[in-house]
Amino acid sequence: MSNNGHWEGETVNDYAYFGIIYKITHKPSGKMYIGKKQLFNSKKMYGCSRRCTDRQSKDFKLKCWKPSNWREYTGSSKSLNELIAKEGKDKFKFEIIEQCRSKSILHYTELKTLWEHDVMRAKFEDGTFIYFNNSIGSIKFKIC
């Protein structure tokens, strides 16, 4: 049985991967959010170099990392989280799109996915934005 929390999709292998790319969909409206979440956060310990974030590398030191709250995580969008609080998690679909083995691959894959889905410009037929996302990297505005 999967221990993915509320996330659907492939079972997360936190022994092989550093983070996930995910999509959250508001079922009634179809509005979505795409983001990334690290499975681990760094520990502040003497002697721990957090330079190696590749979970599959022999240089990755698990003692320097602690598990994150990814199983309960609901995204970093304020408007998305307000809607989840108002309507409940059952009105949303939480999907894992991809698992990434290092921090650099995680960041790159998120940016690539956001661009591919055109999250800053995509709109429904009524003119409202399809995605809750308000930024890609340093671009922090929606494009009309």
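A: Let us begin with a single residue. This is a predicted model, and isoleucine 20 lies in its strand E1, residues 19-26.

Q: Is isoleucine 20 buried or exposed?

A: The general idea is to compare the relative accessible area with a cut-off: buried means under 20%. Isoleucine 20 has 0% relative accessibility and therefore counts as buried.

Q: Which residues is isoleucine 20 in contact with, leaving aside its neighbours within four places in sequence?

A: The list is Val12, Gly35, Lys36, Lys37, Leu39, Trp70, Ile96, Glu98, Gln99 and Leu106. One of these, lysine 37, is 17 residues apart from isoleucine 20 in sequence, while the C-alpha atoms of the two are 5.4 Å apart in space.

Q: Where is asparagine 4 found, and what is its relative accessible area?

A: Asparagine 4 belongs to the segment before E1. Its relative accessible area is 2%, so asparagine 4 is buried. Not counting residues up to four places away in sequence, asparagine 4 touches Gly9, Glu10, Thr11, Val12, Trp70, Arg71 and Ile96.

Q: How many helices and strands does the protein have, and in what order do the elements run?

A: There are two helices and five strands. Read from the N terminus on, the order is β-β-β-β-α-β-α.

Q: How many bridges join E1 to E5?

A: Eight bridges join these two antiparallel strands. Across from histidine 26 stands phenylalanine 92 in E5.

Q: Is phenylalanine 92 buried or exposed?

A: Phenylalanine 92 has a relative accessible area of 4%, so this residue is buried. Not counting residues up to four places away in sequence, phenylalanine 92 touches Ile24, Thr25, His26, Lys27, Leu80, Leu83 and Ile84. Phenylalanine 92 and serine 29 are 63 residues apart in sequence, and their C-alpha atoms are 9.9 Å apart in space.

Q: What share of the contacts between residues at least 6 apart in sequence joins residues at least 24 apart?

A: The share is 60%. As for burial in the protein, 42% of its 144 residues count as buried.

Q: How much space lies in the largest pocket?

A: The general idea is that a probe the size of a water molecule, rolled over the atoms, shows where empty space is left. In this structure the largest pocket holds about 210 Å³. It is lined by 17 residues, and those closest to its centre are Tyr33, Ile34, Gly35, Ser76 and Glu110.

Q: Which element gives the most to the lining of the largest pocket?

A: E2 does, with six residues. Strand E2 (32-38) and helix H2 (103-116) each supply at least two residues of that lining. By kind, the lining of the largest pocket has six nonpolar, seven polar and four charged residues.

Technical notes:
Residues numbered from 1 in each chain as written. Predicted model: local features only at pLDDT ≥ 70, side-chain atom pairs only at ≥ 80, totals over all residues. Heavy atoms only, no water. 1 Å grid on protein atoms, 1.4 Å probe; cavity = no way out; pocket = protein on both sides within 12 Å on 5 of 7 lines; lining within 4 Å. Points joined across faces, edges and corners; volume = space filled by probe spheres on them. Helix = DSSP H or I, 4+ residues; strand = E, 2+ residues; numbered from the N terminus. Nonpolar A, V, L, I, M, F, W, Y, C, P; charged D, E, K, R; others polar. Buried < 20%, exposed > 50% of the residue type's maximum accessible area, 1.4 Å probe, protein only. Contact = heavy atoms within 4.5 Å. Pairing = 2+ DSSP bridges.
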